[in-house]
Amino acid sequence: MVLRRAAPGADGAAVQRPPAGQAGTAVGRAVPRSDGPAKVTGRARYTDDLVVPGAWYGATLRSTEPHARLLAVERDPDFEWSAVVVLTAADVPGDNVVELMADDQPVLAADVIRHVAEPVALVAAPDPGLARAALRHLRLRTEPLPAVLDPLASEVAFARYEFGRGDVEAALASADLVVEASYRTGYQEQLYLEPQAMLAVPDTDGGGATVTGSLQCTYYVHAALARALGLPRDRLVVVQAETGGGFGGKEEFPSGVAVHAALLALRCGRPVRLVYERHEDLVATTKRHPAFVRHRTGVTRDGRLVAQDVEVVLDAGAYETLSRVVLSRGAIHAAGPYRCPNVRVRARTMRTNTPPNGAMRGFGAPQVEFAAELQVERVAEALRLSPAELRRRWAYRVGDVTPTGQVLRQSVAAVPVLERALEASAYEAARGRSAASRAARKEVTASPIAHGVGLALGWHGAGFTGRGEARLASVAGVALTAEGAIHVLTASTEIGQGARTVLPLLVAEALGLPSGAVTMPAQDTARVPDSGPTVASRTTMVVGGLLVVAARRLRAEVEARTGQPFAASYRADAASHGPTRVEERFGGYPHIEWDDERHVGDAYPCFSWACDVAEVDVDLDTGAVEVRRMTSVADAGRLVHPLLAAGQVEGGTLQGVGWATLEELTRDEGRLRQDRLATYLVPTALDAPPIETHFVEEPFGDAPHGAKGLGELPMDLAAPAVVAAIHDATGVWVDELPATPERVLAALEGARVEAGRAAR
Amino acid sequence: MTVAEAPAAVVRFSVDGLPVEYRGPGGRRLLDVLRVDLGLTGAKEGCGEGECGLCSVLLDGLLVDSCLVPIAQVDRRTVRTIEGLLRAEPAERLAARSISGDGQVGLAAEPGSVERLGRLQAAFLEAGAVQCGFCTPAMVLAGQAFLEARASRGERTVPAEDAVREAIAGTLCRCTGYVRIVEAIRAAAPLSAEAAVPPDPAAAALRPRLVEAGSGRRPAPPVRTAASLDEALALVADGWRPLAGGTDLLVALAADATVPEPLVDLSRLAELRGIGLERDGAGGDILVIGALTTYAELRGSPLVAERLPALAEMAAAVGAVQVQARGTIGGNVATASPAGDSLPVLLATDAELVLVGPSGQRVVPAASFFTAYRCTALAPDELLLRLRVPLPPGRHVRFRKVGTRRAQAISKVVLALAWREEAGRWRDVRVALGSVAPTPLRAPRTEALLDGRGPSPEVADLAAATVVDEITPIDDVRSTAAYRRLVSGRILRRLILHAS
């Protein structure tokens, strides 16, 4: 395997590494994925692939109304109910709550239905056909209640934040130019390709259960099971099966699915399999929060940024889930990576009678960065400055202060990623070409294809917000077993991103061993400590950092005992001394001060940085946008595994392109209209552009390995880059995502009408 | 025969070189037989309606969505799965291998052995084309099918990136951005045909593994494979529903929770196959296309490419490789969806449909076939036998589809334009559209306007303005009436401008 270290402009991933003295160690070289052979041969077992003799099939009865009083769950007397098991809210033995941040979401709706597709009853049957038939013979007797479907009309906020610096109103009043615009972004479905799936096996005494499933966060599921089943935690085991993608969709949602499966299994006294079909998965699961963002930006005539006023509204849906923290991350990133003395951010997340929205890759940042970046483009146009030049002037440097008052002390790569992207994409030359193509478009028989190029610069706070990491106090460890094997002990899950390759690689490096010498056992709550959820781009940075420290301690301990290098002595040490297990608890990064109430202080230990350049063709006849090429430059600190890192950038970039152009979800009276893969469209290989990935490496000094978060960063910037390119091609602004052909054409038509009016 | 009397189907086929005998409903999905009955779980269910491609396997060498293949249609055919995609093995080892109930085939004994991987599988690992792995089996098979087809044509070059993208466009990946998958497939080329599981004489002597239908997520209707046209007609007259490629029908069955109707499988009827030329009474050529002709066959036919390239272009715009391998033009016509991609081409080319019923054959012009939303002139006891497309000399045909995306797309507007040119003027103009009314339709006023004129920018503008008044599009989940109206005019205008 060869990573091309291509000169800028070559195709494929060009990974440039600093000449730092890493030679001879595994990190930074592409070792093969540990889960690769099983995955390419079809041997990898996902939840629905597991054969469990005698397992019954679970199914979920869901509401069809957005808001109603639930009077009864009625059973058709003509159906043979003795052949199946039916459960309702009354059958939940513990608290009727899906444990998460707020205790507002029931396991099964009890008295009130608050959104379409809310689970109300559960069925298990020996055969999936029978389970389906039973669902058809249950009826919900309800009394409709008025539904709030528009977040801007909602009066209930799950969370509000207001913070900033300086005097925004005064600065806006004295600015030479104030640019004001509003932006909207739509839902996005994670569309992990493996639908939600859980398999619950009850203990023989009925006092506990093992739940195996498709999930990102074993310990979230563990806590939810204990709470709803009313069972002690030590009688519950959660195991992650091979998981077919998550992207946030398997962060909090699987907790409810697991509780449902376990309730049925304990009631049936036999294993129960609860696997969603795609239709159910689409209508019932969490999505990216739709957002409304308003910007007022004050600048001087010579292009200095003097004021930013940003208002953010997120549609939370019917229950809080993670909306409070999604909003927090969105608010903190809302002004973009730009130095500004006067900033105000006001943000709120509103309750509506729609299925709750939740975690999705980016977690509030893609919505606000879309708005912030288009706002920069607008200001550049108003000032007749190159968008690249404006960003070059405004972008954060070390020592700058963010809207929460955080001083950026280290690892700030906004300008390096920008310059690298401009160079790799030949951005300014491409802008010149689109101007020429606009001029050539006067001919009636000219091609209807318009070319454009667009730029977006962004940042993504690495790890949990504020004191989140310190509060979690994650534990991860390294074990030298009595047999002389070395195991990584962590609850961090493999969801495709490569945790099962990267974490052993970091440990192997710290121990001075070849990468294959370290393995990561299954994510089983009975065997691994709680190293926190696999979310927030935290696994490599936070958990990886803990593991490096734990491995160094293990190495020192063994070397002290044996007086020899670890690699030469650990097997003998294991044989003579027995097993050694070293655990490391997260104690907080230095210098972090954070006030969660006021949103003031060090929001993140560090930020990762990225810059995307999109080149598009717009068909002026149809409004169809074809993304021709993406250039994506990312800084995630020191790279542990450049090949896997490039894979993260490519995949996240395409999800951004999909969200920008194709992926549309709308509701009709709270009901999802795009409820099948024939209507919810994600990019196929033919819709996907070539994606050229480059890395800049600005190490994070407070992590032992210098790594920062990467997973979410690539999701943040593709959409604004694509929409900026559409503007470059056509001259029209599309302020609402996705930029479907219908929206682009409407904008073009609007501009034509405007031009016609102006001409008269 | 009523449904209750329909016997369980007995289907004999081979999986990865080993014989299997299945007993159960003929309408059980191949996907369920593989995953549940045989324990071969490499094929995944991602949507159950042919949109995601994760259940792809090779059926007689063609990549198909196994969720859209009723097992009855697999009789006497060969299936290859990811589990069987090993480097060629000695016959004795193959024979010693069995497909056990837990699906542990071959490789299980040697986990992690890269040595035993096929060339393409190894290329996936090397290129970093694997992330969550859920699409990987299907992606590898899509690449394998593509590379083997190239090898069988003697192509030994590295395939173009676009060709690879097209080959995998029916299989979704949400992790990788496709970049490294494309790279892996290109890196594995040329892939010689020996990489495939070889036909093994020892395997033929093995007793078939017997399996019975287990549980399934979808209702499985009985299927009777018609051995003759008469048998098919008798069953249709009894209310059995005709089954061709299944790409529409199995999706409809999946959405319908009630007890499914019995199906009569037409796939073995030779009368419904083939592409050929006939002469009409006046000595003109007629392109004759059997109803069971797949989109892949239309795309691959030298005759179609030469005489009616717009039809090949249409076929290439349908779904993606898996749907093109199974979907038939007869099915497209008989389903009569207003969005059916082939229908405007057939309307614009004055195609005729040959129907057969108890009292013999009759011919219906395409122009009078589509009677209302998803209703046709086909009587309940009739079958569509073949299509006849006249090929008048000097006729030009253009096709344009505006779909929801670049592959696996349902049309928002589909348009076909045909004309003959006489001294700079257009004659016999046909304008036909889909997705803009309850049925596919012709636009007679626009045709009349264009007839006798030349393709100038002014005429193009007039035609565009006229056609929008001849259609009645609606707002639906795929687009809006306003968009369809605007775009119908614009693409017609563009086709006329391009012709000038």
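Axes here are lines fitted to C-alpha atoms, for helices over the stretch in contact, and the angles between N-to-C directions run from 0 to 180 degrees. Helices (H or I, at least four residues) and strands (E, at least two) are DSSP runs, numbered from the N terminus. The model is predicted, so local features need pLDDT of at least 70 and side-chain atom pairs count only at pLDDT 80 or more, while totals for chains, interfaces and linings use all residues. Residues are numbered from 1 along each chain as its sequence is written, and chains are lettered from A and ligands numbered from 1 in the order in which they are written.

Start with two helix pairs in chain B. Two packed helices are described by the angle between their axes and the distance between the axes. Helix H3 (residues 119-127) of chain B packs against helix H6 (residues 179-188) of chain B at about 135°, and their axes are 8 Å apart. H3(B) and H6(B) are therefore oblique to each other (under 35 degrees counts as roughly parallel, over 145 as roughly antiparallel, 65 to 115 as roughly perpendicular and the rest as oblique). On the H3(B) side, the contact is made by Arg119(B), Leu120(B), Ala123(B), Phe124(B) and Ala127(B); on the H6(B) side, by Arg180(B), Glu183(B), Ala184(B), Ile185(B), Ala187(B) and Ala188(B). Contact means that C-beta atoms, placed from the backbone, lie within 7 Å. Sorted by class, that makes eight nonpolar, no polar and three charged residues (Ala, Val, Leu, Ile, Met, Phe, Trp, Tyr, Cys and Pro are nonpolar, Asp, Glu, Lys and Arg charged, and the others, Gly among them, polar).

Arg119(B), found in helix H3 of chain B, is partly exposed, with 17 other C-beta atoms within 10 Å. For that count, 20 or more such atoms make a residue buried, 12 or fewer make it exposed, and anything in between is partly exposed, with C-beta atoms placed from the backbone. Arg119(B) and Ala187(B) are 68 residues apart in sequence, yet 9.5 Å apart in space, C-alpha to C-alpha.

The other pair is helix H4 (residues 136-152) and helix H5 (residues 161-168) of chain B, packed at about 125° with axes 9 Å apart. That makes H4(B) oblique to H5(B). Met139(B), Ala142(B), Gly143(B) and Phe146(B) of H4(B) meet Val164(B), Ala167(B) and Ile168(B) of H5(B). This contact has six nonpolar, one polar and no charged residues.

Over in chain A, strand E9 (residues 197-202) is mostly covered, with six of its six residues buried. Ala197(A), Leu199(A) and Val201(A) lie on one side of E9(A), with Met198(A), Ala200(A) and Pro202(A) on the other. E9(A) pairs with strand E12 (residues 272-275) of chain A in the antiparallel sense over four bridges; to pair, two strands need at least two bridges found by DSSP. Leu199(A) has Arg273(A) as its bridge partner in E12(A). E9(A) also runs antiparallel to strand E10 (residues 209-213) of chain A, joined by five bridges, and there the partner of Met198(A) is Gly213(A). Six residues sit between the strands of the E9(A) and E10(A) hairpin, where Gly206(A) takes a positive phi near 75°.

Finally, the two chains meet. The contact takes 64 residues from chain A and 72 residues from chain B. The largest share of the chain A side, seven residues, comes from H16(A).

Technical notes:
Contact = placed C-beta atoms within 7 Å.
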